[in-house]
Amino acid sequence: MEGGDDCSFPPDSSDDHSQRGSVASSATLSRAQDVLVYLFGESAVHLSVEGLGSVTVQELGRSVREALHIPESVQDAFAFWLCSPLLELQLKARHQPYKLCRQWQDLLYRFTEASEEDISQDEPCLQYRRNVFYLKSKELQIEDEGVLRLLYEEARSNILTGRYPCDPEHWTGLGALSLALEDGTGLDSQQFTTTVREKKLSSFLPAHVVMGSGGLLSTLRGKSSRHAGLEQKLLEEYRKISTSAGNSPEPTQLLHQYLNTCHSLPYYGCAFFFGEIDKPAQGILQRAKRKAVNVGICLEGVYVMDVKEKHVLLGLRFSELSWDHSYPEEEGDSHILWLEFDGEEDGTPVNKLLKIYSKQAELMSGFIEFCVELKSASEGGAAAEVDGDVSLSQQPAGQEGRNKNGRGGRRGMLHRQGSVVCSRVHSLNTISYVDNGKEIKRLKPKRAASFFTRQASATTYSAVQVTESLEQG
């Protein structure tokens, strides 16, 4: 749940950027207050709200849908979120945004590791964006251009910021679609180059791709050469769109194409949380350091992603995992989300545990439980949708495909070795254990359960006796 916009809710009519005090003093007055509800794509809905102190999400929703002309049939596609660079929370219909804003500092102390100074300066904005619990199958049926553009702007933001890791064939295709949506499909090569250079490559391709890995050490010539190569790839994809769609395709056609491509990423539509995992120790005496990760959770499963490298470390469907969270036992200990899944050690089936250190462990655990129950309740009608690529989940991916559960290469279209979407279990520092003297029990409960509650006694399990391979997959 990290990321967000630098804005405040609710804004005052003055130009003062710190409105918390001024709004608090007038919230109980009967006169209408100005509220900005932010959208992706640098736009906002301006509302005039009476009784701001007690207005609910449900009441605000009616006003926003009316302002944006959102059909009643797709009203569940969006939800209100409170967002800042430190925390993101999807609100429920009964929540009162103003009151939650007043409690924001308390929420930051509870769910983030931010410093007192950062917490004192942080203010949330109210954002209208995709509802995590809206099914992708329903999204595919939307024909309203305005609604599709809202979904597109959010997906595009997540692609460009690297929140949705994807492979070159995806980010070049998506970049070309963005250009076609903004400037049409009829640009010739010269017009294309001029447009891309005016708007900058970072408007179409992920920031980490445009920047490259060289940082300050990369030469200007190297940067120029890389950018020229990226422009060329973008042009090739743009020409494919022009050829297949003609010079004047319907915007809804391009929007559907963009969203369909994003749907092939298993973490599309996830809520994101921030945490850390142990890095594999480099030597016997060296203390293991930690790696920053984003944890994406949606109706389909849990995805742990490397914040720096922009790739998936572990992707698990709910049927493939068990989980729990634990609170700190002593001063200096961390909140931990535990993920348990099947693995292998030197050819022996074992249970693996990944520890995710995060003050949001409790939030993540509750979110997983809610998703599991929601999915279970809708299993009858929505089983085929959650997820649309279930039939691909059993397709192997290189060496990782030998795993009985198909982990690491479940997405058929992205199952080649090296894809950023494939799990990298071998690079994780996990704890492995087996059931002494007994057959390994496959962990496939109907409802994903915690291994802590299943475990009869602590003595039934013992750590695998290997010296340097605990971090191996």
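User: What percentage of the 473 residues in the protein are buried?

Analyst: This is a predicted model, in which local features need pLDDT of at least 70, side-chain atom pairs count only at pLDDT 80 or more, and totals for chains, interfaces and linings use all residues. Residues are numbered from 1 along each chain as its sequence is written, and side-chain values use heavy atoms, with hydrogens and water left out. Buried means under 20% relative accessible area, with a 1.4 Å probe and protein chains only. Of the 473 residues, the buried share is 49%.

User: How many aromatic pairs are there?

Analyst: Rings of Phe, Tyr and Trp (its six-membered ring) pair if their centres lie within 6.5 Å. By this rule the count is 11.

User: Which kind of pair do Tyr152 and Tyr258 form?

Analyst: Planes under 30 degrees apart count as stacked, over 60 as edge-to-face and the rest as tilted. The centres of Tyr152 and Tyr258 are 4.8 Å apart and the planes are at 85°. The pair is therefore edge-to-face.

User: How many residues apart in sequence are the parts that this pair ties together?

Analyst: Helices here are DSSP runs (H or I, at least four residues), numbered from the N terminus. Tyr152 lies in helix H7 (residues 145–160) and Tyr258 in helix H12 (residues 251–263), so the separation in sequence is 106 residues.

User: Is Phe273 buried or exposed?

Analyst: Exposed would require over 50% relative accessible area, and partly exposed lies in between. The relative accessible area of Phe273 is 1%, so Phe273 is buried.

Methods
Helices (H or I, at least four residues) and strands (E, at least two) are DSSP runs, numbered from the N terminus.
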